[in-house]
Amino acid sequence: MSEPTHTPAPWHASAGLFAGVQPFWDVYDAENRILANVVTYNLPSEQSVANVALIVAAPELLEAAKLMTNLFEEYFEGMPDYDDELIKIRAAIAKAEGRT
């Protein structure tokens, strides 16, 4: 696996109102630098919060997926019951790393 080029974890978010009306979140790195602004339109509040939580968890999720890939490759590669899962994990990693 390649070394990550994204901003390292942990990430966190802070909520606010865009133009005094529209909910938004700023996503920060560990040094409180803004990584992204997330403005949600026409989404239920619960869904917006869940989306931001997923964004904030992205670096840890990518790391976990890479660890699972290593585990699958070591113990399960070539076993028909697990080939599809390994393909899905590799595809998700490639997508997260901008390789697809």
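Which residue just after α2 takes a positive phi? That residue is Gly98, with a phi of about 75°, and the points below take the rest of the structure in turn.

1. Basis of the note. This is a predicted model, in which local features need pLDDT of at least 70 and side-chain atom pairs count only at pLDDT 80 or more, while totals for chains, interfaces and linings use all residues. Residues are numbered from 1 along each chain as its sequence is written, and side-chain values use heavy atoms, with hydrogens and water left out.

2. Helix α2. This helix covers residues 80-96, and its 17 residues should span 24 Å at 1.5 Å a residue (the expected span is 1.5 Å times one less than the number of residues); the end C-alpha atoms are 25 Å apart, which agrees. Helices (H or I, at least four residues) and strands (E, at least two) are DSSP runs, numbered from the N terminus.

3. Leu86, Ile89, Ile93 and Ala94 are buried in α2, where buried means under 20% relative accessible area, exposed over 50%, and partly exposed in between, with a 1.4 Å probe and protein chains only. They cover an arc of only 135° around the axis, which puts them on the same side of α2; the arc is that of the directions from the helix axis to the C-beta atoms. The face turned away from the buried side carries the exposed residues Asp84, Ile87, Lys88 and Lys95, and what covers the buried residues includes α1.

4. Val52, found in helix α1, is buried, with a relative accessible area of 5%. Leaving aside neighbours within four places in sequence, Val52 is in contact with Ala13, Trp25 and Val38, contact being heavy atoms within 4.5 Å. The C-alpha atoms of Val52 and Ala13 are separated by 7.4 Å, although these residues are 39 residues apart along the chain. Asn70, also in helix α1, is partly exposed at 38% relative accessible area, and its C-alpha atom is 9.7 Å from that of Leu86.

5. Salt bridges. A search of the whole structure finds five salt bridges, each being a side-chain nitrogen of Lys or Arg within 4 Å of a carboxyl oxygen of Asp or Glu. One of them joins Arg90 and Glu73, with the closest N and O atoms 2.9 Å apart; this pair links distant parts of the chain, Arg90 in helix α2 and Glu73 in helix α1, 17 residues apart. Another pairs Asp29 with Arg33 at 2.6 Å between the closest N and O atoms, and here Asp29 is buried at 1% relative accessible area, whereas Arg33 counts as partly exposed at 46%. Asp29, Glu31 and Arg33 are linked in a network of salt bridges.

6. Backbone points to check. Most residues other than glycine have a negative phi, and most peptide bonds are trans. Asn32, in the loop between β2 (22-28) and β3 (34-39), has a positive phi of about 60° although it is not a glycine. Asn42, in the loop between β3 and α1, likewise has a positive phi, of about 55°, and is exposed, with a relative accessible area of 79%. A cis peptide bond, with omega about 0°, joins Ala9 and Pro10, and Pro10 is found in the segment before β1 (12-18).
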